[in-house]
Amino acid sequence: MNHKIVAFTLLLTTKLFCQQLTLQQCIEKGKQNNVAVKLAEQSLETRQKIAQSGKNNILPKVDFLGGYNYIGEPIRVNLQQVKDGIVEGSASQSAYSANAAYQQITGNPLPQQVQNVIYQTSKDIISAVYPNYNPAIAKQSYFLAGILVRQPIYLGGKLNASRELSKQQVESGKANLESIQNLNSYNISLNYIQIMYLNSMIKKQEKMAEALESNEKYAQNLLKAEIIPPYLKNWSDIAKIQGETTLKNLRLEKENTLLTLKDLMGIPLDEPLEINEELNENIEVTSFGSSDKNTDLKLLQSKKKEAQTTNDITKSLSKPNIFAIGNYQFFRNDLPLITPPWLVGVEVQWTLFDPERRSRNQASESLVKEADLLIDQKQKSVDLAVRISENKLISFKEQKETLDLARKQAYTTTEMVKKRMENSLSSVKDVNDALQLQYEAEKLYYMSLVAYQTVVATYFYITGNVENITNYIP
C-alpha cells in the first residue's frame with residue numbers, strides 16, 4: 001500500500017512540475033534558446049559593431065612611430081665628389097679678394113697677370129691640403145620616436161562605400177536572423193502538429209484497447225460457455241495484444257517528437273515537458289496573402305545590395321587617394337643628419353597600372369547579375385509553392401470532409417457488428433475486424449487533418465507569416 005502511495009505521489013509531482021506549453025510559447029522559447037538563432041544573433045551583433053567602427057573611418061589616424069636603427073657603416077660626406085668645385089671656388093675667391101684690396105688702396109685694378117698668379121697659387125695650395133678621404137659624421141646606431149598623423153581627404157568614394165557596405169551587412173544579418181527564426185518556428189509548428197496528431201491517436205487507441213479488452217473478455221465468457229471454439233478466442237487475444245502494442249508505439253513516437261521539439265526550443269532534453277492538445281478539427285483558411293514577406297527573398301535582396309556596394313568599392317579602387325599628413329619627432333638621439341623635428345604635407349596615392357583591375361570589376365558586376373538571377377529564381381519558386389499550397393488546402397479540406405464521413409460510417413458498422421455478435425449472428429473476429437477498420441478510418445481522418453494543418457503552416461512560412469499558425473492552433 002505504501003509503495004502505491006509513493007508511486008502516486010511521484011506521478012502527481014511530475015505532473016505538477018511538468019511544463020504545459022502552447023505553440024506560441026514553444027515558438028518564443030525557440031527564439032530565445034535555439035542554438036542556430038543564437039548564432040545568427042551573435043553574427044548580427046558582430047556586423048553592428050563593425051558598422052559602428054566604420055562610422056569613424058573619416059577621422060584621422062594617429063600612430064606612434066619609434067625604433068632603433070643600426071646602419072652597416074657610418075654616414076660619410078663625399079668630399080671627393082665636390083672637390084673640384086670647392087678648389088675652383090676657393091681659388092677664384094682668393095683672386096677676387098686680392099683684386100678688391102689692391103683696388104681699394106690704389107684705385108686701380110690688380111693686373112690680370114698677377115690675378116692669374118694668385119688664382120693658380122691658391123688653387124695649388126688648396127688642392128694640396130684638401131682631404132683625400134670621406135670623413136664620417138655620425139655613429140652607426142640611433143633612436144627615433146615620433147607621432148604620425150594621417151587624415152583622409154579624398155578616397156574616390158571608398159569611405160562612403162565602405163560605410164554603406166557595413167550598413168548593408170547589418171541588414172543582411174537582420175534578414176538572416178529573421179529567416180532562421182522563421183525556419184525554426186516552422187519546424188516547431190510541424191512538430192507541435194505531429195504531437196497533437198499523436199495525442200488524438202493515443203486517445204483513440206486507448207478507447208480501441210479498451211474495446212479490444214472488452215471483446216476479449218466477452219470471448220472468454222463465450223468460450224467457457226462452449227459457444228465459440230478456442231481459435232476465435234485466440235483471435236481476440238491477438239487483437240488485444242496488437243492494440244496494446246500500437247498504443248505503446250504511439251506513446252514512444254510522441255516521446256521522440258517531444259525530444260525533437262525540446263531540441264528546436266533549445267531546452268535540455270531531460271526538462272519535463274508535456275503537450276496535451278489534440279488536433280483542432282475546425283481549422284479552415286479562406287483568405288490568401290502575398291509572398292512579399294518571404295524571408296529568403298528578403299535575405300537575397302539584401303545580399304544583392306551588398307553585391308552592388310561591393311561593385312562600387314571595386315570601381316573606386318581606380319580613383320586616387322589623397323591624405324593630409326603630419327609628423328612630429330620628439331626623440332631623435334644621435335641622428336646622422338640634422339633634420340626639422342616636424343613636417344606637414346599632402347600625400348597622393350594613385351595606382352596607375354593594375355593588371356587585375358578589369359577582372360575584379362567584371363567579377364563584381366557578375367556578382368550583381370548572379371544575385372538578380374537568384375532573386376528571380378527564388379521569386380518563381382515561392383510563387384509556385386504558394387499556388388501549390390493554396391490548391392492543397394482546397395484538396396485536403398475536401399479529403400478531410402470525405403474521410404470524416406467514412407469514419408462515422410465505420411462507427412455505425414462497428415456498433416452493428418457488436419449487436420450481431422450479441423445475437424450470435426457474427427463472430428468475435430468480425431468485431432475485431434470492425435474495430436480495426438474503425439481505427440484505420442480514424443487514422444486516415446486524422447492524417448488528413450495533419451496534412452491540412454501542415455500545409456497551413458507551410459503556407460504561412462512561405463508567405464513570411466509563420467506565426468499566423470498560432471491563430472489556428474492553441
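Close-up 1. Ser172 sits in helix H6; helices here are DSSP runs of H or I with at least four residues, numbered from the N terminus. Setting aside residues up to four places away in sequence, Ser172 touches Arg47, Leu299, Ser302, Lys303 and Glu306, where contact means heavy atoms within 4.5 Å. A word on what you are looking at: the model is predicted, local features need pLDDT of at least 70, side-chain atom pairs count only at pLDDT 80 or more, and totals for chains, interfaces and linings use all residues. Residues are numbered from 1 along each chain as its sequence is written, and side-chain values use heavy atoms, leaving out hydrogens and water.

**Close-up 2. Helix H2 meets helix H6.** Here the axes of H2 (residues 23–33) and H6 (residues 158–224) come within 9 Å and cross at roughly 140°; axes are lines fitted to C-alpha atoms over the stretch in contact, with angles from 0 to 180 degrees between N-to-C directions. On the H2 side, look for Leu23, Cys26, Ile27, Gly30 and Lys31; H6 brings Gln181, Asn184, Ser185, Ile188, Ser189 and Tyr192. These contact residues divide into 5 nonpolar, 5 polar and 1 charged, with Gly counted as polar.

**Close-up 3. Tyr186 and Tyr461, a pair of rings.** By the ring-pair rule (centres within 6.5 Å; planes under 30 degrees apart are stacked, over 60 edge-to-face, the rest tilted), the count comes to 4 aromatic pairs. In this one, the ring centres of Tyr186 and Tyr461 are 4.6 Å apart and the planes are at 15°, so the pair is stacked. Tyr186 belongs to helix H6 and Tyr461 to helix H10 (residues 428–462), 275 residues apart, so the pair links distant parts of the chain. Both Tyr186 and Tyr461 are buried.

**Close-up 4. Phe460 and its surroundings.** Phe460 lies in helix H10 and, at 7% relative accessibility, counts as buried. Ring pairs join Phe460 with Tyr459 and Tyr472 in a cluster. Beyond its neighbours within four places in sequence, Phe460 is in contact with Val285, Asn465, Val466, Asn468, Ile469 and Tyr472.

Note on methods: Helix = DSSP H or I, 4+ residues; strand = E, 2+ residues; numbered from the N terminus. Phe/Tyr/Trp six-rings, centres within 6.5 Å; stacked < 30°, edge-to-face > 60°. Buried < 20%, exposed > 50% of the residue type's maximum accessible area, 1.4 Å probe, protein only.
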